[in-house]
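Subject: Structure handover

Hello,

I am passing this structure on to you, and my notes follow below it. Please look it over before you read on.

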4 protein chains.
Amino acid sequence: MRKLKASVIGATGYTGKEIVRILINHPQVELVYLTSSTYAGKKVAEVFPEFRSKLDQELVNLDLETVSRDSDLVFTALPHTVSMEVAPALLRKGVKVIDLSADYRLKDPVVYQEWYKKGHNQLSKGLLAQAVYGLPEIYFDKIKGSSLVANPGCYPTSIILGVAPLLKYHLVKPEGIIIDAKSGTTGAGRKLSLDLHFSECNENFKAYKIIGHNHIPEIEQELSSIYFKGNKGENNIQDIKEGRGIKISFTPHLLPISRGILSTGYLTLEESKEEGEVLEAYQKFYQKAPFVRIFEPPYLPEIKLAVGTNYCDIGFRIDKRVSQIKIISVIDNLLKGAAGQAVQNMNIMSGFPETEGLNF
Amino acid sequence: MRKLKASVIGATGYTGKEIVRILINHPQVELVYLTSSTYAGKKVAEVFPEFRSKLDQELVNLDLETVSRDSDLVFTALPHTVSMEVAPALLRKGVKVIDLSADYRLKDPVVYQEWYKKGHNQLSKGLLAQAVYGLPEIYFDKIKGSSLVANPGCYPTSIILGVAPLLKYHLVKPEGIIIDAKSGTTGAGRKLSLDLHFSECNENFKAYKIIGHNHIPEIEQELSSIYFKGNKGENNIQDIKEGRGIKISFTPHLLPISRGILSTGYLTLEESKEEGEVLEAYQKFYQKAPFVRIFEPPYLPEIKLAVGTNYCDIGFRIDKRVSQIKIISVIDNLLKGAAGQAVQNMNIMSGFPETEGLNF
Amino acid sequence: MRKLKASVIGATGYTGKEIVRILINHPQVELVYLTSSTYAGKKVAEVFPEFRSKLDQELVNLDLETVSRDSDLVFTALPHTVSMEVAPALLRKGVKVIDLSADYRLKDPVVYQEWYKKGHNQLSKGLLAQAVYGLPEIYFDKIKGSSLVANPGCYPTSIILGVAPLLKYHLVKPEGIIIDAKSGTTGAGRKLSLDLHFSECNENFKAYKIIGHNHIPEIEQELSSIYFKGNKGENNIQDIKEGRGIKISFTPHLLPISRGILSTGYLTLEESKEEGEVLEAYQKFYQKAPFVRIFEPPYLPEIKLAVGTNYCDIGFRIDKRVSQIKIISVIDNLLKGAAGQAVQNMNIMSGFPETEGLNF
Amino acid sequence: MRKLKASVIGATGYTGKEIVRILINHPQVELVYLTSSTYAGKKVAEVFPEFRSKLDQELVNLDLETVSRDSDLVFTALPHTVSMEVAPALLRKGVKVIDLSADYRLKDPVVYQEWYKKGHNQLSKGLLAQAVYGLPEIYFDKIKGSSLVANPGCYPTSIILGVAPLLKYHLVKPEGIIIDAKSGTTGAGRKLSLDLHFSECNENFKAYKIIGHNHIPEIEQELSSIYFKGNKGENNIQDIKEGRGIKISFTPHLLPISRGILSTGYLTLEESKEEGEVLEAYQKFYQKAPFVRIFEPPYLPEIKLAVGTNYCDIGFRIDKRVSQIKIISVIDNLLKGAAGQAVQNMNIMSGFPETEGLNF
């Protein structure tokens, strides 16, 4: 069978590297081009010695012409505001795109500009309507038919999956949602900074960007969509535009570990519920999702259980003293939070089994 | 000048050891007895080789007779429900006691029994009225005249200090307070468990006891007291008894680091406020507190800045999108959260400068 | 095709668990019994929640009768001196055994008794001659035809593979070999001890068992065998018995990380050599070994590059100032140092591709 | 009493910062200038928030004129080859200098040029004869009368102190000395590099500069001096120049922890010795050294026991199988390995008690 020809643009950041690592063992994919502006001309195993004996490919500068000619599908693992310079040209050539930046996640270009301080040009703006938010547990069918998938952010993946059933079935109030999230350092990328210098980061823990982290609009867009659709159908964008959308309080923290995100969510129950009822709601919502594991109370996920896998592990407890439900949602930020989810999307877009190449 | 004769009961847990470490360099204290049921008969430097060349003392079994005869003040670093077997006898002999367990923290013995599953006997119950909650930033004057100080828990110290000014000055609503706290492993003590086995705990992060952690009643007692006194004086116990006390949602997590607690608090502003106004409230509240450091927005505390010190570092930001104030409060769990605070209490009870021996 | 029926005795230590983890994804193996004296009766996913959605099997008590009846091959992941109580019965029933203890590694039962303080009984002693030391890079052909493979220790694997070519080709003197080795904590197992308590182990580093670690005789046996065979054929055991065997100085240290061993070897060159010549010797020796990666000077292996793989990564430098060659040899202690190598041996014994199920 | 006026040139590297941290609490020192080319104009607590409430000083650009006018003693915490541009001018103005670079450690300027790739100018070369190698346990008397102390490197401190008594008393052969050393990351400084990026360094361990680390000449100079003086007096430089000096094999490794160095030394005993005899040699050699702790076999130092102190902890075992003595020597690289030792030297040069300000 002819293999899918895939290229990775931005192959030497942590996300790009992780996509490569997964695709090396994917039985239905052939890696075509790996681009890197920093390391072009070097063998990939020179930059990442862990690829010795596994991959003998040269990193190249991005040439959109040849990449689009020789690839069926391209992963764009580029910084926010840079992907939008690349995606339109690829799509025009008939190449499918899975974009790992934020550029096509937000439906409303005004909101994008507000949070990312840069606007889409006309060409790119025109793609927003066709771009699908790449969370397979919510948008499986749309992803299947899409040419442009906006791969979700790491925090949003853990948070949206963690609370979606509660909002969908209106078990909780849409107001006052608080998310206290904690991420390992690979989430901050491979770029050097004093904050991520080992001697500074080790044995430390801190909150950062506690006001206005740019994953907020993406989370609110999706939670609002789930909540309002759950209730009254498709008119949710109007709701959101008119200020009736869900607003969350979100605070990220930096863990002194390499991988993993644990998000703790605090939501107010609409009415008193037993844990068994809520458990059933989760199990129903995720019955066809191969990469979501629901933990029955009192068991709860932990970062080490999800790291190295493409699972999103979800657990919860009801705190009757304060009429609250607490959610614990865990992912590996580089897998289900980025590269693993991107390959899951690729599988769906290409008609492969959803879990192909992702059973580590 | 005659030195204060101090003994430590339970000197080989992490808290007891830390008290010893501090007192070795305290210029006004003479260490009399260090008791340990596990290691009696051994030199302290055999158990803790870091004390070589610093302390050449033998660990002994607890003999209340000799300890109370030869000590002016005793630190009881014993498990909950054990201290209450020891403290009354010491006090009767005229010895001052700083108890590091929870046994004398809760004013209401019914609440104690509910959360700790054991009741006080008559003798011990009689001491509750005279016991002072040992948070010097709130109860300095009472501590000064006290013979029995109940040293606060580690989480409660970080939380109460973090939100006290907001409640005192009624800047926030007393309902809906959420505390998401993260602690290093020494907080769990020196007792072996699979959870704390290095290979299990390393590179991990998880929530634990997410419903019903037994630091909750202590936090609620003190926050209620601060809030109601702020408003209308002394009648708060009645308020609390009648169910009008503050109820918090509290979730502790385990960090893969040795020391430090960072508590993130979420509170709702009573009315819109600028950060400058709130900053003034904090500075006013803590103007005489040598061990509280207030960070001006946008600066925030981090665990590494407080570890190894007796400071409680506090910062905050106002999130106008959701009318919320977020508090970050950090301590070293073994110092301001236990041993350091105990020595601070000792200094106050003994008329020494509050910071004596605590400037590391 | 009929799958190989494999059982794991001692499935809940770190090594046993890792064998299970590998075999879950091995296309040619069916897991029959997983035994555990501690957790018998529980589901494996109750003990190891990371197996949720992957393995729904119950842990059972060891019943040699049923295990040998229903298994083609058994992994005995038991403590030293315990395996010898189990292996003979399995072999007698025609089951192949891969033993992960030290019990069948040493050819000379006198040496075994000296280092492990327990003797073999007659039955077990009789198996020593047929047992093959399970290092595929040295004993591939013998392993292929064997029913009893003694899986090497973790330190010995890294050390023997690291220096074998140098000794085989007599590039170094057999005297004065020094090995300074550093291991992550999983090497010490899942049993609780204060040394491995997170708060004690974290941010620490230390040497342990610096005299007389019981991996020494195994290393010396194999190095002597390689050296004397390289020179003059099969009569090495006589050499060793008469005291002409290689004696090494070996010092293990404990790293505050979960996985990985890095061994630094110091050997004296027989005569001046260029690094290129030595490199060729290594490449020649390991030309057919899929799990050995040779790093060309000046590149050197690091623990993170080998962790999570079944590779042994080897690098070296020649220090002309002191006529010495320094070797750096790295493995994942649970994979190439234990479970991965065991599965590699299983593959060879069963006629599967050597790398089957091991390409993570 | 008039305090010593001390300045720190290069106050914002890890070493400079640690000197400041110590001097804040030193009762006999007044901090005059803290210079930093990177952060001049900022308050020190802006750069290092841990100094809040402790030090309210402004970082300034280096002005040799004012620094030398207003200081009695200056710590130069500058990179190698930079200190030599500064020290001569300070000394000429009558200011005492403790230099933390390598510039004045090597007696022979030819050796310096060989290892550091830059030569001394005439002025600086002229200072080599008067510079004292600042290891108080060896050169106390010389340090006392010196104006220019060359503070030893971190690895050399641990190694020289670890083996000095063995060489002094000729208990070991001077040939074949092997040192396998392991350091925490602060030893590599505050400068960013991918190697020290948390995500790269965490859960890793590796050797680096395994050939030709530039601490080698300093170690060899001092070991040769100790060995030859032990034997036949002052003519050792001639011995060394004629190639009879000690040559060591030295291999540093990077530990994924913040602080601490553990050096493992392998030496050959001159003749068979019992551990008790060797212990006496160590105790005799260090009887007046307040910062050396000798561990009696079988006890051995560990990194956590020395971190946070100015001690050098030394232990050893004799391995009779291979006629070898193994040394374990541990320090905190920023304290006894740099800033602590510098303050110890300052105390000696200034007539203060040797341990003043160093009892943490």
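How many bridges join strand β7 of chain C to strand β10 of chain C, and do the two run parallel or antiparallel? Before the answer, please note that this is a predicted model. Strand β7 (residues 177-183) and strand β10 (residues 261-268) of chain C are joined by six bridges, and they run antiparallel. One of the pairs is S183(C), whose bridge partner in β10(C) is I261(C).

The sheet in chain C

These two strands belong to an open sheet of seven strands in chain C, ordered β8-β9-β7-β10-β13-β12-β11, with mixed pairing. At its edges are β8 (206-207) and β11 (292-294) of chain C, each of which pairs on one side only. Helix α8 of chain C, residues 154-168, packs on this sheet. The helix touches β7, β9 (248-254), β10, β11, β12 (312-319) and β13 (324-331) of chain C, and its direction makes about 35 degrees with that of β10(C).

The sheet in chain D

Chain D also has an open sheet of seven strands, in the order β8-β9-β7-β10-β13-β12-β11 and with mixed pairing. Its edge strands are β8 (206-207) and β11 (292-294) of chain D, each pairing on one side only. Here I looked at another pair: strand β7 (residues 177-183) and strand β9 (residues 248-254) of chain D run parallel and are joined by seven bridges. Within that pair, K182(D) stands opposite H253(D) in β9(D). Helix α8 (residues 154-168) of chain D packs on the sheet, and its contacts include β7, β9 and β10 (261-268) of chain D. The direction of this helix makes about 35 degrees with that of β10(D).

The domains of chain A

Chain A is divided into domain 1, residues 4-130, and domain 2, residues 155-333. The C-alpha centres of these two domains of chain A lie 27 Å apart. Nine residues from domain 1 of chain A and eight residues from domain 2 of chain A take part in the contact. On the domain 1 side, helix α5 (residues 109-116) of chain A gives the most, with three residues. The residues on that side of domain 1 of chain A are six nonpolar, one polar and two charged.

Between chains C and A

Eleven residues of chain C are in contact with eleven residues of chain A. On the chain C side, four of these residues are nonpolar, three are polar and four are charged.

Regards

Methods
Residues numbered from 1 in each chain as written. Chains lettered and ligands numbered in written order. Predicted model: local features only at pLDDT ≥ 70, side-chain atom pairs only at ≥ 80, totals over all residues. Contact = placed C-beta atoms within 7 Å. Nonpolar A, V, L, I, M, F, W, Y, C, P; charged D, E, K, R; others polar. Pairing = 2+ DSSP bridges. Helix = DSSP H or I, 4+ residues; strand = E, 2+ residues; numbered from the N terminus. Axes fitted to C-alpha atoms, helices over the stretch in contact; angles between N-to-C directions. Domains from an automatic or database assignment.
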